[in-house]
Amino acid sequence: MPPTQQVKNGLSPEIKLNETIADKPKPPSKNGAKILSQLYSPEKRLQEQISVFLCVVVMTIHSILLIRYFQLSNLTYIIPAMFAGIITADFASGFVHWAADSWGSIEIPVLGKAFIRPFREHHIDPTAITRHDMVETNGDNFMLVIIPIAVSVLRFSTQTLDEIQSNYAFQAYTFSLALFICLTNQIHKWSHTYSGLPWIVTVLQDYHIILPKQHHRIHHIAPHETYFCITTGWLNYPLEKLRFWVGLEWLIERITGIKPRSDDLKWAKVS
Ligand SMILES: [Zn+2]
Ligand SMILES: [Zn+2]
């Protein structure tokens with residue numbers, strides 16, 4: 001039985017995977033991977049560098065404001081708010097990953113090469129991400145949080161002290177969500193890295209606090225149709241049980257007539 005079939009049948013996928021696939025990812029489709037990596041342009045690099053810079057600036061200001069307005073009485077709801085932020089980030093990672101893997105193509109003007117290409121490259125050369133530097137790995141995720149965090153910073157400066165205190169839990173939630181969105185692709189990169197990881201990262205993976213290697217490997221079985229969440233991966237099993245992604249794909253295909261992953265499959269066949 002193929003591993004994806006085992007996942008669909010609700011068997012314990014991680015146990016079954018140990019029995020069915022080799023320990024290391026398969027070698028990439030060289031030509032497809034080469035073409036895709038060559039499409040990484042200087043303009044794209046600049047967008048990532050600007051994103052990293054602006055994100056670090058707004059996140060730093062936001063964290064300073066959170067510390068400045070912190071009160072000990074906030075603690076009771078800060079912890080649940082931050083936990084909710086991590087869960088939301090995991091869901092968001094799954095949703096964006098699912099959308100980019102399953103729909104659209106790199107032929108879409110500007111957006112295709114800039115934002116869909118890395119997802120296509122990752123399926124045919126999963127280890128390429130381990131050769132990407134900090135900017136290439138994290139630039140796009142950092143970009144996503146700039147505007148929401150800038151808006152949160154503005155809210156601090158336009159509200160009264162009472163309003164700030166009553167909105168503090170939401171601000172803590174927003175910060176946690178943004179932080180884990182920023183960390184997502186780094187965590188994803190670690191899940192593909194087989195040597196030289198800091199010991200703390202290995203411990204966090206082993207206790208499934210962040211995405212473990214073995215867990216993420218389920219997504220890398222063609223046709224890459226499940227386990228899309230890549231921050232903590234906590235939502236992968238429940239979403240699979242609920243047939244969440246299959247249901248969404250069924251709905252979209254019924255409405256639009258477009259089959260999911262047709263572009264991804266096309267790149268997988270480039271040899
Ligand atoms: Zn994928
Ligand atoms: Zn991966």
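Predicted model: local features only at pLDDT ≥ 70, side-chain atom pairs only at ≥ 80, totals over all residues.
Residues are numbered from 1 along each chain as its sequence is written, chains are lettered from A and ligands numbered from 1 in the order in which they are written, and side-chain values use heavy atoms, with hydrogens and water left out.

Back to W98. A search of the whole structure turns up 11 aromatic pairs (rings of Phe, Tyr and Trp, the last by its six-membered ring, pair if their centres lie within 6.5 Å; planes under 30 degrees apart are stacked, over 60 edge-to-face, the rest tilted). W98 and F95 make a tilted pair, because their ring centres are 5.4 Å apart and their planes meet at 50 degrees. The two sit about one helical turn from each other, being 3 residues apart in helix 5 (residues 75–102); helices here are DSSP runs of H or I with at least four residues, numbered from the N terminus. F95 counts as partly exposed at 35%. Both rings belong to one aromatic cluster, together with F91, W103, F228, F244 and W245.

The zinc ion (ligand 1) has H97 (NE2), D101 (OD), H123 (NE2) and H219 (NE2) as protein donors, at 2.0 to 2.1 Å (a donor is an N, O or S atom within 2.8 Å of the metal, or 3.2 Å for Na, K and Ca; water is not among the atoms, so sites may look incomplete). H97 and D101 are 4 residues apart in helix 5, so about one helical turn separates them. H97 is buried at 3%, and D101 is buried at 1%. What arrangement do the 4 donor atoms around this zinc make? An irregular one, because their angles run from 88 to 167 degrees; tetrahedral would need all angles between 85 and 135 degrees, whereas square planar for four, or octahedral for six, would need opposite donors over 155 degrees apart and all others between 65 and 115.

H188 is buried at 4%, and H192 is buried at 6%.

Now for the charges. The count comes to 10 salt bridges (a side-chain nitrogen of Lys or Arg within 4 Å of a carboxyl oxygen of Asp or Glu). In one of them, K44 meets E48 at 3.7 Å, N to O, and these residues lie 4 apart in helix 4 (residues 42–68). K44 is buried at 6%, and so is E48, at 2%. Another links E121 to R117 at 3.6 Å; they are 4 residues apart in helix 6 (residues 111–124), so about one helical turn lies between them. K266 and D263 form a salt bridge at 3.5 Å. K266 is partly exposed at 41%, whereas D263 is buried at 6%. Shared partners join E107, R120, D263 and K266 into one salt-bridge network.

Definitions and conventions
Buried < 20%, exposed > 50% of the residue type's maximum accessible area, 1.4 Å probe, protein only.
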